[in-house]
Amino acid sequence: MKTMAKKTKKAAPKKKKSIPARPAAKAAPKKKKPVTALPAVKAAPAARKASTPKFTVSTAIEITATFPDSMGLTAKVASALAAENVNILAGTGYSASGMRRKATFTLIVDDLQKAERALERIGADEIQDSMIILVETENKVGALEKISTAIANAGINIYYFYSTTSSGKTATCVFKTADDQKAIKVLRSA
């Protein structure tokens with residue numbers, strides 16, 4: 001007997017139902033954050049004004065006198081110069097060592113010869129004169145920066161400087177450099 005295989009119909013694949021596309025959801029409007037006041041902040045320092053301080057350049061002679069250090073020496077030096085009617089235009093004084101054996105006074109005065117005689121009379125060990133650069137400038141922020149940068153940019157070493165404001169409007173700066181003549185030319189053209 002022959003067996004017959006029963007043919008079965010394959011079921012047709014089911015059709016997928018098409019789902020209509022949903023409309024894109026509208027994005028919810030962004031909520032604006034309320035503006036809050038910031039805490040008070042100190043204002044930043046104002047930038048420097050574009051104007052740069054003006055200055056004049058001249059030379060002067062500086063006296064450097066060395067003494068054995070002693071109590072009251074500054075008063076003694078000042079008294080000797082005053083007695084000769086010598087005005088001190090600028091100056092420094094310091095003890096040259098921690099052991100206070102020597103004191104050095106560096107002075108710019110209005111009468112060099114009288115000052116030297118007065119210092120010799122009160123026992124100066126050594127007195128030397130040297131030319132320095134005297135710069136009169138406006139008493140403004142950036143004055144020393146302008147002067148020292150001009151000297152440095154010219155490749156001139158500054159050995160020392162000291163300065164003071166002689167009044168509220170002007171300042172006097174004293175410079176000793178490796179090449180004072182070149183520094184003067186540079187500063188006069190700055």
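Predicted model: local features only at pLDDT ≥ 70, side-chain atom pairs only at ≥ 80, totals over all residues.
Among the contacts with a separation of 6 or more, 73% are between residues 24 or more positions apart.

An open sheet of 6 strands has the order β2-β3-β1-β4-β6-β5, and its pairing is antiparallel. At its edges stand β2, residues 88-95, and β5, each of which pairs on one side only. From one strand to the next, the twist averages 25 degrees.

Several of the pairings can be followed residue by residue. Strand β1, which covers residues 55-68, pairs with β3 in the antiparallel sense over 6 bridges, and within β3 it is threonine 104 that stands opposite threonine 66. Strand β4, made of residues 126-138, runs antiparallel to β6 and is joined to β6 by 6 bridges; glutamate 138 has threonine 170 of β6 as its bridge partner. Strand β5, residues 158-164, is likewise antiparallel to β6, with 6 bridges joining the two, and here tyrosine 162 stands opposite valine 174 in β6. Strand β6 itself, residues 170-177, is mostly covered, since 7 of its 8 residues are buried.

Leaving aside residues up to four places away in sequence, threonine 106 touches Glu62, Ile63, Thr64, Ala90, Gly91, Thr92 and Tyr162.

The helices come next. In helix α3, which runs over residues 143-153, Ala143, Ile147, Ala150 and Ile151 are buried. These residues cover an arc of only 95 degrees around the axis, and therefore they lie on the same side of α3. The buried residues of α3 pack against β1, β4, β5, β6 and α4, and just after this helix glycine 155 takes a positive phi of about 75 degrees.

Asparagine 85 is found in the loop between α1, residues 73-83, and β2, and it is exposed because its relative accessible area is 62%, where over 50% is what exposed requires.

In one of them, the side chains of arginine 121 and glutamate 84 meet at 2.4 Å, N to O. Arginine 121 lies in helix α2, residues 112-121, and glutamate 84 in the loop between α1 and β2, so this pair ties together parts that are 37 residues apart in sequence. The two partners can be described by their accessibility as well: arginine 121 counts as exposed at 53% relative accessibility, whereas glutamate 84 counts as partly exposed at 23%.

Another salt bridge brings together the side chains of aspartate 125 and lysine 102, at 2.4 Å, N to O. This pair links distant parts of the chain, with aspartate 125 in the loop between α2 and β4 and lysine 102 in strand β3, 23 residues apart. Here aspartate 125 is partly exposed, with a relative accessible area of 44%, and lysine 102 is partly exposed too, with a relative accessible area of 35%. In a further salt bridge, the side chains of aspartate 180 and lysine 176 meet at 2.8 Å, N to O, and aspartate 180 is buried, with a relative accessible area of 7%.

Terms used. Residues numbered from 1 in each chain as written. Heavy atoms only, no water. Contact = heavy atoms within 4.5 Å. Buried < 20%, exposed > 50% of the residue type's maximum accessible area, 1.4 Å probe, protein only. Helix = DSSP H or I, 4+ residues; strand = E, 2+ residues; numbered from the N terminus. Pairing = 2+ DSSP bridges. Axes fitted to C-alpha atoms, helices over the stretch in contact; angles between N-to-C directions. Arc of directions from axis to C-beta. Salt bridge = Lys/Arg side-chain N within 4 Å of Asp/Glu carboxyl O.
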